[in-house]
Amino acid sequence: MKREFMLGSVPVVIYGEESARVFLFVHGLHGCKEEAARFAAVAVPRGWQVLAMDLPEHGGRKDGKRLVPWDVIPELQSVLRYAGGRYATIAVHATSIGAWFSMHAFADARIEKCLFVSPLVDMPAMIRGMMVAAGVDRARLKREKEIQTDFGQTLSWDYLCFAEAHPARAFCPDTAVLYGGADTTVPRATIDRFVADNECRLTVLPGGEHWFHTEAQLAALRAFEAEALS
């Protein structure tokens, strides 16, 4: 069962029969709300509904909002308020940058369970790495505010300042993390430090990439989800 509607300007989809329990599904970069259909095949038979939205600049978004914290976080909190008025139990499934946004948007929420897939847990380090790759120093970024890189990403001084002022922290005691052993986006030391500091459960797929997309990687992802929901 699938139902699509709008929350303001945000396209939203819900999978599954009516239930008192819902997973908020937050996709990663280049993703869309329809990715939640794959997870719904795991969660719905176990009594959950799955609610997903298109993040700004993704999927069906045509409203000019940008994939930046001051646009994304209020929208995720709006989706949370919608869910809070309809469900007794709320959980979160978030991928990559979607996990980073979720850690800020849901920090004060009562969340039953959280599944993070390839989470970005140190955004300042990632931005600084992009700056090095683009040959941009801190003084120049502060002066110009935004710089378009040759590899398609926009460096933002305000984004860097936000990330440095708001370190990522797990918001749920029951948090499970799936990490690819060959992830070139998030260093293993970074994920190990986050898991230790936040008392999360870590599953590592040897040879897995940041983007879980091959048949073997998706099978491992389904197994991770099924175990977390068992």
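## Helices H1 and H8

Let's start with a pair of helices: H1 crosses H8 in a right-handed sense. This is a predicted model, and in it the axes of H1 (residues 36-43) and H8 sit 9 Å apart at an angle of about 45°. An angle of that kind is neither roughly parallel nor roughly perpendicular, so H1 and H8 count as oblique to each other.

Who touches whom? On the H1 side the contact residues are Arg38, Phe39, Val42 and Ala43, and they meet Leu218, Leu221, Arg222, Glu225, Ala226 and Leu229 of H8. Sorted by class, that contact between H1 and H8 has seven nonpolar residues, three charged ones and no polar ones.

## The sheet

Now for the strands. Eight of them form an open sheet with mixed pairing, in the order E1-E2-E4-E3-E5-E6-E9-E10. At the edges are E1 (2-7) and E10 (201-205), each of which pairs on one side only. Going from one strand to the next, the twist averages 20°.

Strands of a sheet are held in pairs by backbone hydrogen bonds, and they can run parallel or antiparallel. E1 and E2 (residues 10-15) are antiparallel, joined by six bridges. One detail to look for there is Leu7, whose bridge partner in E2 is Val10.

## Helices on the sheet

H2 (residues 69-84) lies across E1, E2, E3 (21-26), E4 (49-53) and E5 (89-95), and runs at about 155° to E4. H8 (residues 215-229) packs on the sheet too, touching E3, E5, E6 (114-117), E9 (175-180) and E10. The direction of H8 makes about 165° with that of E6.

## Helices H2 and H3

H2 also packs with H3 (residues 97-105), at an angle of about 65° and with the two axes 9 Å apart. That angle makes H2 roughly perpendicular to H3. Their crossing is right-handed.

From H2, the contact uses Pro69, Val72, Ile73, Leu76 and Gln77, while H3 brings in Trp100, Phe101, Ser102, His104 and Ala105. The class tally for H2 with H3 is seven nonpolar, three polar and no charged residues.

## The whole protein

Stepping back, the protein has eight helices and 10 strands. Its C-alpha atoms fill a box of roughly 55 × 40 × 30 Å along the principal axes.

How does the radius of gyration fit with a compact globule? For 230 residues, such a globule would come out near 17 Å, and the protein has 17 Å, so the two agree.

Methods: Residues numbered from 1 in each chain as written. Predicted model: local features only at pLDDT ≥ 70, side-chain atom pairs only at ≥ 80, totals over all residues. Heavy atoms only, no water. Pairing = 2+ DSSP bridges. Helix = DSSP H or I, 4+ residues; strand = E, 2+ residues; numbered from the N terminus. Axes fitted to C-alpha atoms, helices over the stretch in contact; angles between N-to-C directions. Contact = heavy atoms within 4.5 Å. Parallel < 35°, antiparallel > 145°, perpendicular 65-115°, else oblique. Left-handed = near helix turned anticlockwise from the far one by under 90°. Nonpolar A, V, L, I, M, F, W, Y, C, P; charged D, E, K, R; others polar. Rg over C-alpha atoms; globule rule 2.2 N^0.38 Å.
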